[in-house]
Amino acid sequence: MPKHHTRASDTRASDTTAPDATASDITTPGTTEARRSLRREVPSTVALVADARDFAAMRGYRSFTFDDHQDYLRQVDALLKSLAAQGIHTTVTLFDPDAYAAFCADHGLDPDTPTARTRFTAGLGGSSAGLPYTGQPIEELVPLLVDESVRQATWEYATMLLAGLGACADCGEDIGHASFERAGHLLTRLVERAGPGHHHMVCSVPTPDEQLIAVLHAEASGEPEDPPRIEGRDGLDFVTVLAAGIALGGPGGLVLRTTAPGAKDRVHGWRLAGGRLVALPAASVFDAYCTDADTGEPVAPEPGVDYCPGFEVDDPGPHH
């Protein structure tokens, strides 16, 4: 937990001083500043309990001394600001009580101790679901962390799904690998054929256990010498989810919205069927975009948006 982790990681140089060091060695005027300089080079990890239900679970531990979730979040916010003020790089991640309990059981630790929470939090420091703290207010940081955690879980699930599909009975090719390569090719075609502008894509694939959703932003100039730019690792996540939809051969969908200077936004759509992206007619794109997903009620179309048919990007492949 944040307050315990910070204490555990805030190691003093005197804790590791050689046995024959004298008191004057430890208190030499330049030593304190040198120690502070070293401390700024030691990264810190803060794992916060973002969900009220998870907070209630943590209150079952007597050594977890917080009673109010909002007060706890304010204290975490103050801690993060304090670490930043010291020049310490801090990674923030989510604290999952269920994962924590499993970790303690696996390692023979008493979960009702600050030491166990510190060890668990230290292991989260290299998690790809963590975010660097850059001064975000806690009310902005929490939803960002939740989104990042969902993104990571989606990628892990889709990756495991692809890895477990095995080889094609007809040609012996690994289905997951072939689907991933094909999804990457389709993404390139989508962006190239959408033309210049900012492209926002959403791919949704239902699976037996999860509803997989991936979001991607890409910039395209339309110039042959300037290939489309795809941000961060969003491209990997998007291709993995699309590949899962291709490999499963079941239902799914993809929507692309393009924004370009001096033109209306354009929305195109496709459905996944038989391992292919099938272009939707304009009327189907309109219906999909202008229907409330939860209630099924119609939603007024956005002004300045053209609802367009999907364009052809796919060819029949071997793994349907």
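This is a predicted model: local features need pLDDT of at least 70, side-chain atom pairs count only at pLDDT 80 or more; totals for chains, interfaces and linings use all residues.
**Strand pairing, helix packing and cysteines**

Of the 320 residues in the chain, 39% are buried. Among contacts with a separation of 6 or more, 63% are accounted for by residues 24 or more positions apart.

The surroundings of S8 are described next. Strand S9, residues 276–279, runs antiparallel to S8, and 4 bridges join the two strands. S8 and S9 form a hairpin with 2 residues between the strands, in which Gly274 takes a positive phi near 60°. S8 itself spans residues 265–273 and also pairs with strand S7, residues 253–259, in the antiparallel sense over 6 bridges. Within this pairing, Arg257 has Val267 of S8 as its bridge partner. S7 and S8 likewise form a hairpin, here with 5 residues between them, and Gly262 in the turn has a positive phi of about 75°. A further pairing of S8 involves strand S10, residues 305–307; this one is in the parallel sense and extends over 3 bridges. Val267, the partner of Arg257, stands opposite Tyr307 in S10.

A separate description applies to strands S1, S2 and S3. These 3 strands form an open sheet in the order S1-S2-S3, with mixed pairing. Strand S1 (44–48) and strand S3 (131–132) are the edge strands, each pairing on one side only. Strand S2, residues 90–94, pairs with S3 in the antiparallel sense over 2 bridges, and the bridge partner of Val92 in S3 is Leu131. Helix H7, residues 114–124, packs on the sheet and touches S1 and S2; the direction of H7 makes about 110° with that of S1. Helix H5 also lies across S1 and S2, running at about 170° to S1.

Helix H5 takes part in a helix–helix contact as well. The axes of H5 (residues 69–85) and helix H8 (residues 138–163) come within 10 Å and cross at roughly 95°. On the H5 side, the contact is made by Leu73, Val76, Asp77 and Leu80, and on the H8 side by Ile138, Leu141 and Val142. By class, this contact of H5 with H8 has 6 nonpolar residues, 1 charged residue and no polar residues. Asp77, which lies in helix H5, is one of the contributors to the contact. With a relative accessible area of 13%, Asp77 falls under the 20% cut-off and is therefore buried. When residues up to four places away in sequence are not counted, Asp77 touches Gln136, Pro137 and Ile138.

The structure holds 0 disulfides. Cys168 is in no disulfide, and the nearest cysteine sulfur, that of Cys171, is 3.8 Å away. A disulfide would require the two sulfur atoms to lie within 2.5 Å. Cys168 has a relative accessible area of 12% and so is buried. Cys104 is also buried, with a relative accessible area of 2%.

Note on methods:
Residues are numbered from 1 along each chain as its sequence is written. Side-chain values use heavy atoms; hydrogens and water are left out. Buried means under 20% relative accessible area, exposed over 50%, partly exposed in between (1.4 Å probe, protein chains only). Axes are lines fitted to C-alpha atoms, for helices over the stretch in contact, and angles run from 0 to 180 degrees between N-to-C directions. Contact means heavy atoms within 4.5 Å. Ala, Val, Leu, Ile, Met, Phe, Trp, Tyr, Cys and Pro count as nonpolar, Asp, Glu, Lys and Arg as charged, and the others, Gly among them, as polar. Two strands pair if DSSP finds at least two bridges between them.
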